[in-house]
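Biologist: I would like a close look at one end of a helix. Please start there, then take me through the rest.

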Amino acid sequence: LVHSIHIPPRMVSIPGGTFQMGDVEKVGVASWNPVRPVTIKSFAMGKYEVTFEEYDRFAIATGLRLPEDQGWGRGRRPVMNVSWEDAKAYSAWISGQTGTLYRLPTEAEWEYAARSGAKQDVWAGTSQEAEFGTYAIFFKNSENRTAEVGTKQHNDFGLHDLSGNVFEWVEDCVHGTYKGAPNDSTPWLDANEGICTHHMMRGGSWDSTPEYLRASFRNRNGAATRNNYIGFRLAQDIP
């Protein structure tokens, strides 16, 4: 690896629009309710999850730990064993390297992107569980490990692996329900009793069942937590 060379993120422009966020399918999970309309302004999102190849350059350049790959391989597999704090540090570093601001997506942006906006897909790419394996790396087809990014079909916005492969950190702090949540693209931080020692993560992972891969599914973890089923992808404001 050449320390000074970063890999510019591949970003996809996501058109703005309004969608229904949360338990649209009436699964009955309290933390996915109340369902509300949310209006998202145009933004850009990483076509893929951030890979080991990208993240390792950052870790070497800054003298940080190289995340463990469990012996599965590095390269184009999604980076994992990275905390929310690590993801924030990478976002700041790649912004400095490129002179372009990158950040984590907000929870609303993430769900909007996964649902293909107003199309309201149940999973990223489809609403048919039978079509699942076409779009997702999950417990049935993963062989108990991550896969290289982009090996599955992208959704209507051109984004890969939003369902499965690794969970993805988002900016927002933890709230028990959507009561009082913003109805736009902004991150929901400490307002309304947000718990900012913990952050939300989305999308399910390589060992998840379809239930955990829904676009509406919310999970959370401590900001310093690292494990082999959490990674992240980048987002960017469009001026």
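Which residue follows H1, and is its phi positive or negative?

Modeller: Gly 63 follows H1, and its phi is positive, near 75 degrees. This is a predicted model: local features need pLDDT of at least 70, side-chain atom pairs need 80 or more, and totals for chains, interfaces and linings use all residues. Numbering runs from 1 along each chain as its sequence is written, and side-chain values use heavy atoms, without hydrogens or water.

Now the helix itself. H1 covers residues 52–62. (Helices are DSSP runs of H or I, at least four residues; strands are runs of E, at least two; both are numbered from the N terminus.) Its buried residues are Phe 52, Glu 54, Tyr 55, Asp 56, Arg 57, Phe 58 and Ala 59. (Buried means under 20% relative accessible area, exposed over 50%, partly exposed in between, with a 1.4 Å probe and protein chains only.) Helix H2 (84–98) and strand S8 (230–232) are among what covers them.

Next, a loop. Ser 205 sits between strand S6 (195–202) and strand S7 (218–222). Its relative accessibility is 0%, so Ser 205 counts as buried. Beyond its neighbours within four places in sequence, Ser 205 is in contact (heavy atoms within 4.5 Å) with residues including Ile 137, Phe 138, Leu 213 and Tyr 229. Gly 164, Asn 165, Val 166 and Phe 167 are also among its contacts. The side chain of Ser 205 makes a polar contact with the side chain of Asp 207, at 2.7 Å. (That is an N or O pair within 3.5 Å; within protein, one atom must be able to donate a hydrogen and the other to accept it, and residues adjacent in sequence count only if both atoms are side-chain atoms.)

A disulfide is a covalent bond between the sulfur atoms of two cysteines; here the cut-off is sulfur atoms within 2.5 Å. The whole structure has 1. Cys 196 pairs with Cys 173, their sulfur atoms 2.0 Å apart. The torsion about the S-S bond is about 100 degrees, so the disulfide is right-handed. Cys 173 counts as buried because its relative accessibility is 2%. Cys 196, at 35%, therefore counts as partly exposed.
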